[in-house]
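Please look over the sequence and the 3D structure below before reading on. The paragraphs after it go through a few parts of the structure in turn.

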Amino acid sequence: MLIVELSLIGGCSTTVSETPLTSTLSPSYKIAAPADSPLYHFLRADLAAHPNQTGVLPLLSGVDAFAARIKAVQAAQQSIDLQYYIYHDDETGRLLLWSLIDAADRGVRVRVLLDDLTLDTSDQVLAQLASHSNIEIRLFNPSSLRGFGNFGLLLDFSRLNHRMHNKSLTVDNLISIVGGRNIGNEYFSKNSEVEFGDLDLLTIGNAVDKVSEQFDLYWNASVVQQVSDLVAQQQVVQESKLTLDQQTYERMAKRKQAFAGDEYLQRLKFSDFVSQLKRPHLNWYWGQAEVVFDPPEKAVDKQDQQWLLADIKRYLFQANQQLVIISPYFVPTRAGVVLLSDAVKRGIEVSVITNSLAATDVLAVHAGYQRYRQQLIENGIHIYEFKADKGKKAISWQGSSRTSLHAKTFILDNDAVFVGSFNFDPRSAQLNTEMGLLFENNAFATSILSGIQLELQDFSYRVIVENGELVWIDDKLNHRYYAEPQAGFWRKFMADFIGLLPIESQL
């Protein structure tokens with residue numbers, strides 16, 4: 001395998017050391033966009049017609065979101081910057097990896113920045129990939145105890161509890177994809193068991209350079225380590241050669257050939273996005289955009305600074321009539337309840353769309369959310385919880401099979417849309433680094449909001465308080481539930497039990 005599977009880890013302990021590994025990074029920075037590449041010529045007319053603006057194209061379906069990434073990487077001439085919280089070793093992870101290696105083989109500089117979770121001995125595998133002269137891999141806030149998995153986290157919990165949640169892919173400083181998706185089958189409609197419904201923005205114009213600046217800041221940060229240095233610091237020397245030799249390419253070719261008949265490739269080939277590429281230009285939405293992000297130093301800074309959270313609050317206060325928040329992991333805290341309740345008092349219609357207990361993939365987060373749910377409703381906030389139906393027609397926000405909402409966005413007054421990695425929970429606010437893009441365009445905001453409103457009735461429960469008790473209303477079936485719908489006894493029990501624990505700051 002040429003890429004490592006990353007997975008979430010958790011736990012708590014006292015701190016042994018809060019000092020990251022010593023870094024020997026050589027700084028590198030974005031490369032100016034080429035003026036003679038096929039990608040530039042494809043975008044040139046649109047860019048020239050909208051100077052100093054940003055163009056976005058929403059990537060609602062998982063297949064379109066993955067097709068856009070593959071096509072962007074295939075079009076690269078000079079540089080690819082990839083930054084993700086999770087990169088799975090599965091079919092979509094390998095397909096993207098193979099495209100990255102192909103790009104490096106034709107002379108494109110590839111910079112890969114991943115959050116360091118449970119890498120274990122796979123440092124060797126990443127180092128083998130990074131041996132390519134045009135590929136460099138760095139890890140954010142890595143553990144100093146390589147190969148010890150969760151044990152390393154337990155011994156250095158205070159530092160390692162801070163993770164890089166940012167997500168971006170930028171090609172030739174001409175085009176970026178930002179949003180909520182990580183790299184893995186469940187994000188791109190390839191997983192038959194569970195699918196995360198999400199939203200990305202394919203972005204060109206003014207915002208792309210800002211995304212590149214954000215990447216450079218993280219790439220050169222003191223909390224980042226080269227994977228080759230991590231391997232060199234390990235006491236056990238692996239016998240395998242850390243190079244991309246001919247044998248490695250032969251194994252990769254066999255894997256490609258074995259995957260050639262997979263039906264997913266046909267879905268990519270005939271996706272809506274690929275069909276749009278056959279037109280003279282894409283149907284961009286144009287407007288002003290602001291790229292916001294936490295600094296990488298959030299991982300080690302002891303001051304209670306708000307950073308991106310301050311930008312989020314600033315945006316929320318700009319709403320005059322309507323605020324719609326979409327967050328899969330919604331834990332508002334007492335301060336958030338006050339903020340949203342005050343907005344209602346100012347005459348703003350506030351709606352929150354999140355996962356139901358049956359749909360969530362993180363019970364602890366739902367446990368944190370449910371303690372505020374009734375108070376929010378009683379204070380005038382509209383609450384909608386997405387279903388987890390299996391085998392039903394997918395909607396853009398949900399997906400198919402067992403669905404779980406994963407999009408992180410909010411809409412202000414039909415005027416602006418925020419899309420990014422920020423969840424409305426304490427972890428995004430205080431522990432993880434996050435990023436996002438606020439895009440101002442009435443037609444775009446109206447389109448996104450209209451799509452949500454059309455689908456809420458069919459694919460969500462409207463939660464109300466009646467006679468002091470919570471009631472879940474399925475407007476499609478005209479049915480009422482007086483307990484968490486679709487969730488079994490043990491799921492309800494565990495959510496209630498976890499809700500008793502003092503762990504809100506970690507959610």
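The model is a predicted one, in which local features need pLDDT of at least 70 and side-chain atom pairs count only at pLDDT 80 or more, while totals for chains, interfaces and linings use all residues. Residues are numbered from 1 along each chain as its sequence is written, and side-chain values use heavy atoms, with hydrogens and water left out.

Strand 16 is a place to begin. Helices (H or I, at least four residues) and strands (E, at least two) are DSSP runs numbered from the N terminus.

Two strands pair if DSSP finds at least two bridges between them. Strand 15 (residues 409-412) pairs with strand 16 in the antiparallel sense over 4 bridges, and V419 is the bridge partner of T409. These two strands form a hairpin with 3 residues between them, and D413 in the turn has a positive phi of about 55°. Strand 17 (residues 435-440) also runs antiparallel to strand 16, joined to it by 5 bridges. In that pairing, F439 of strand 17 stands opposite V417.

Helix 12 covers residues 308-316, and its buried residues are L308, L309, D311, I312, Y315 and L316. Seen down the helix axis, these residues fall within an arc of 155°, so they line one face of helix 12. The arc is that of the directions from the helix axis to the C-beta atoms.

Side chains of opposite charge can pair when their charged atoms come close. R314 forms a salt bridge with E290, with the closest N and O atoms 3.1 Å apart. The pair links distant parts of the chain, as R314 is in helix 12 and E290 is in strand 10 (residues 285-293), 24 residues apart. R314 counts as partly exposed at 34% relative accessibility, and E290 counts as partly exposed at 30%.

By this rule the count comes to 21 salt bridges. One of them joins R111 to D81, with the closest N and O atoms 2.8 Å apart. R111 is in strand 3 (residues 109-115) and D81 is in strand 2 (residues 79-84), 30 residues apart. R111 is buried at 1% relative accessibility, and D81 is buried at 4%. Another salt bridge is formed by the side chains of R138 and E136 (2.8 Å, N to O). R138 is buried, with a relative accessible area of 0%, whereas E136 is partly exposed, at 23%.

Last comes the surface. F489, W490, F493, M494, F497, L500 and L501 make a nonpolar surface patch of about 780 Å². Patches are made of residues with over 30% relative accessible area and no salt bridge, with like charges joined within 9 Å and nonpolar side chains (Val, Leu, Ile, Met, Phe, Trp, Tyr) within 5 Å. Accessible areas come from the Shrake-Rupley method with a 1.4 Å probe, and for residues only the protein chains shown count as cover. F497 lies in helix 17 (residues 489-498) and counts as partly exposed at 42% relative accessibility.

Methods. Buried means under 20% relative accessible area, exposed over 50%, partly exposed in between (1.4 Å probe, protein chains only). A salt bridge is a side-chain nitrogen of Lys or Arg within 4 Å of a carboxyl oxygen of Asp or Glu.
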